[in-house]
Amino acid sequence: MNMQINQFRFWAIGLATSWLALFVLVPSLMVLVTSFLTRDPDFLIRFEFSLDGWRSVFDPSFISLLWDSLSMALITACICLAIAYPFVMCLMSLPSKWRPIILFLLIVPFWTNSLVRIYAIQYLLGKKGLINDAMLGIGLIDKPLDLLYTPFAVIFGLSYILLPFMILPIYSAMEKLDLRLLDAAKDLGANAAQRLWRITLPLTLPGIVAGSLMVILPAMGMFFVADLLGGSKHALLGNVIKNQFIQTRDWPFGAALSVLMIILLSFMLWLYYRATKLSNRQGGINDSDF
Amino acid sequence: MTEYQPLLQLSGVSKTFADNTVLDALDLTIYDGEFLTLLGPSGCGKTTVLRIIAGFEQEDCGSVMLDQQNLAVLKAELRPVNTVFQSYALFPHMTVYENIAFGLKMHKVAKADIKTRVDEALRMVRLDSFAQRKPHQLSGGQQQRVAIARAVVNRPRLLLLDESLSALDYKLRQEMQIELKRLQRQLNITFVYVTHDQEEALSMSDRIVVLNKGKVQQIGTPREIYENPANLFVARFIGEINQFDGHVVRRIDEQHVEVVAEGADWVVKTDHPFVADDKVHVLLRPEDIRLTKSELVLDSVHVEGHIYECSYKGKTLDSYIRLASGTKVIASEFFDEDDPDFDYRLEQKVALQWTTGWEVVLPYEYAN
C-alpha cells in the first residue's frame, strides 16, 4: 500500500518536474546563455562570450524605449484598475445569483481570437471608423480625429483586451472580504470613504496587485496590439524582442531583453508576495490557536 | 432600578424580512447604566433588535429614541453606540493597537489622547503587552477582549454585545462573564447583551428581556424571571420545570385556591383571580421538590410516583419520576452525605412534596 503511494508520488512529481525542466528551465537557460554569446550574421549566434547583447540593453536610446513600453503598460493597468474596481464593487452589490452570469458575459468575448478583436478596434478607431463617423454625424467635430496609430489607440486596445485579467483577481479578493468587518468599521464611526480606504482597499490589495501583474506583464509583450494600433512608432518591449529575433537578427540582444523581462516579472511576483503578506487575511476566531 | 433614567426607548418597532415577521410591535425601555440581556431561542429577533439599535438594520415602523433623540435620522457611523460582534470582526490587517484606536481615529481624536486612551483600554482588558500583535496571533479569549476594548474605548452611551461569549469554551466563558460584569461596573456603561444561554443571562444581568417570535414574553430581574415566569414559554425556556395541568375547585382565601391535579387535591398560592373551574398549569422547579420514601408520608398534600431513572450530577441527585397519570417529573436534590438512606432504587415508590407557595400557577394556555 505504502509502496504504491510512494511509487505514484514518485511518478507524479517526477513527471511534473521533468516537464517543467524540459520546457521551462532548459529554454530559459538557453535564453540566458544566448544573451552572453556573440552575434553572427550567418549562423545567428557564435559560441563566444560577449557582453554586446547586455550593452545594447543599457543603451540610452533603448532605455527610453523600455520606459515608453513600461509607462504604457502602467497606464493600461491604471485604466483597467479604475474601471475594474468600481465594476467589482457594483457587482458585489448585486444579488449573488446575478454575479456568475455577469462574469460569464465578461468572459464571452474571449472566445473570439484577440487578433480579430484588435482588427475590429482598428476599424472602430480609423479615420473612416465608427467613432469618427458618429462624431462627424452629430456635428461634434468638423474633420476626423487621428485616433489610430497613436499611443492612445495602443493603450485603448491593451485595456480592452486585458480588463478581465484585472477584474477576475479583484473579484476573487472582494468575495473573500468579510462583510462583518465593514459593519464593524461603520459601528466604529467610519463613513463610506473611510471604510473603502481603510478596510476594503487594504484587504483586497492582493487582488489589486495580482490583477496589475496580469495586466502589466502581457501589456509589455503584446506586440500585435502595438503593430496594428500603434503603427511602427509606438513599440512595446514585445515588439522589440520580436524584431531582434526575426528582423534584426540580433539574438544575443533579444535574449538579453527576454532575461530582463523575466527579471521584471520575478520582481513583480515578489511585490505580490509582499502585498499578500502585508494584508494578512488570517484572522477571526477560526485561526485563534497558535 | 429606580435610580436609573431611561436611556433608550423602542416603541412599536416591527421588522419583517420577506414575509417573516422578526419583530412584532416591540416596546422596550433600556435604562442608563444597567446590564440588560435579550434572551430567547434562535430566530426570536434578539439580534435584529441589536442591529436596529446599532443602525445596521432599519425598522419597518416604530421609533427608536436615544436620550430623546430619534435614531432613525442618524446613520450607524454617527450613533453613540458600539457593538462587540459575535465573530469579534477584528481588522486582520491591523495590530491590536490599531484596532482599538480605529474608532478614536474616525472621530478625529487628537493623537496624544488616542495613545492615552488606547493604553488605558489595553490595561483594562489586561492586554498591555499585546499591543503590536496581529489578531491572528491571539487566542480566542484575547481576541474577545480586544473586541471589547475596541468598542468601550469610544465611551459609547450603549454597548451592544451580540452573543459575544458563545465562541469560547466553557471555562473561558465563565471567566469572561465575571470579567464583563467587572467592566460594566467599572465603566458604568449601559450593556445590552444578546444570548440564547439562559445560565449566562441569569448570572450577568440586572434585567432580562425574554423574547420569542418577535414579542416580549417577560421583562424582569433574573430572580423574577426564574421564580415568577409570566407564561409557559418563559417557565420552560429558563431552567427546568415540571408542569402539572389541573383545574380550580374553589377559592380558599385571597391568596390560596384549591386545585385538582394528578388525582389529588392541592392547595396552591396565587395572586391571579382564578375562580372555580378555571383550567390552570401548576409549575414546580426540580429543586423545589422533596422526595420521601412513600410509606413515611403523613402529610396530606403530596403526589406519588415511581422512580424510573436516577442521574448523579455531582452536586445533586436528579431523579426522574413517573406519576400514576403518566406525567414525568424531575426532582433535583442536594446530597446529604450523612444520610445513609439517601439513594433510590429504580421503580421505588416515592412521594413528592413541596412547600406551598413555591409553586407557580398560570392560566391554562394550550394542551401539551
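1. Let's start with B:Glu163, which counts as buried in this predicted model because its relative accessibility is 9%, under the 20% cut-off. B:Glu163 sits in the loop between strand 7 and helix 5 (170-187) of chain B. Its backbone deserves a look too: B:Glu163 has a positive phi of about 40°, although it is not a glycine.

2. You will find B:Arg155 in the loop between helix 4 and strand 7 of chain B. Is B:Arg155 buried or exposed? B:Arg155 counts as exposed because its relative accessible area is 54%, over the 50% cut-off.

3. B:Asp162 is buried, yet it has no salt bridge. Which side chain of opposite charge is nearest to B:Asp162? That is B:Arg51, and it is 6.2 Å away. A salt bridge calls for nitrogen and oxygen within 4 Å. Apart from neighbours within four places in sequence, B:Asp162 has contacts with B:Thr47, B:Leu50, B:Val84, B:Phe85, B:Gln86 and B:Val194.

4. For a buried charged pair that does meet, please turn to B:Arg207 and B:Glu34. They form a salt bridge, with the closest N and O atoms 2.8 Å apart. This pair links distant parts of the chain, since B:Arg207 is in strand 9 (residues 207-212) and B:Glu34 is in the loop between strand 2 (20-31) and strand 3 (35-39), 173 residues apart. Both B:Arg207 and B:Glu34 are buried.

5. Helix 4 (residues 140-152) of chain B holds B:Ala149. B:Ala149 counts as buried because its relative accessibility is 0%. What does B:Ala149 touch, leaving aside neighbours within four places in sequence? Its contacts there are B:Ile100, B:Ala121 and B:Val125. As a sense of scale, B:Ala149 and B:Leu10 are 139 residues apart in sequence, and their C-alpha atoms are 27 Å apart in space.

6. Now for chain B as a whole. Chain B contains 8 helices and 20 strands, and its C-alpha trace spans about 80 × 50 × 40 Å along the principal axes. Of its 368 residues, 52% count as buried. If you take the contacts in chain B between residues at least 6 apart in sequence, 66% of them join residues at least 24 apart.

7. The accessible surface of chain B is about 17300 Å², and carbon and sulfur atoms account for 48% of it. Chain B carries 41 positive and 54 negative side chains, and the centres of these two sets lie 10 Å apart.

8. Next comes the interface between the two chains. The size of an interface is often given as the accessible area lost when the parts come together. By that count, chain A and chain B bury about 2600 Å² between them, 62% of it on carbon and sulfur atoms. The contacts there involve 29 residues of chain A and 35 residues of chain B.

9. How many salt bridges cross the interface of chain A and chain B? The rule finds 2. You can look for one between the side chains of A:Arg195 and B:Glu77, where N and O are 3.8 Å apart. Over all chains of the structure, the search finds 24 salt bridges.

10. A:Asp40, A:Arg46 and A:Glu48 are its linked residues. A:Arg46 meets A:Asp40 at 3.7 Å, N to O, and A:Arg46 also pairs with A:Glu48, with the closest N and O atoms 3.8 Å apart. A:Asp40 counts as buried at 10% relative accessibility. A:Arg46 is partly exposed at 37%, and A:Glu48 is partly exposed at 44%.

11. Last, have a look at A:Thr150, in the loop between helix 6 (130-137) and helix 7 (151-176) of chain A. A:Thr150 counts as buried because its relative accessibility is 16%. Not counting residues up to four places away in sequence, A:Thr150 touches A:Leu229, A:Gly230 and A:His234.

Conventions:
Residues numbered from 1 in each chain as written. Chains lettered and ligands numbered in written order. Predicted model: local features only at pLDDT ≥ 70, side-chain atom pairs only at ≥ 80, totals over all residues. Heavy atoms only, no water. Helix = DSSP H or I, 4+ residues; strand = E, 2+ residues; numbered from the N terminus. Buried < 20%, exposed > 50% of the residue type's maximum accessible area, 1.4 Å probe, protein only. Contact = heavy atoms within 4.5 Å. Areas by Shrake-Rupley, 256 points an atom, 1.4 Å probe, with all protein chains shown as cover. Lys, Arg positive; Asp, Glu negative; His and termini not counted. Charge placed at Lys NZ, Arg CZ, Asp CG, Glu CD. Buried area = accessible area lost by both parts, 1.4 Å probe.
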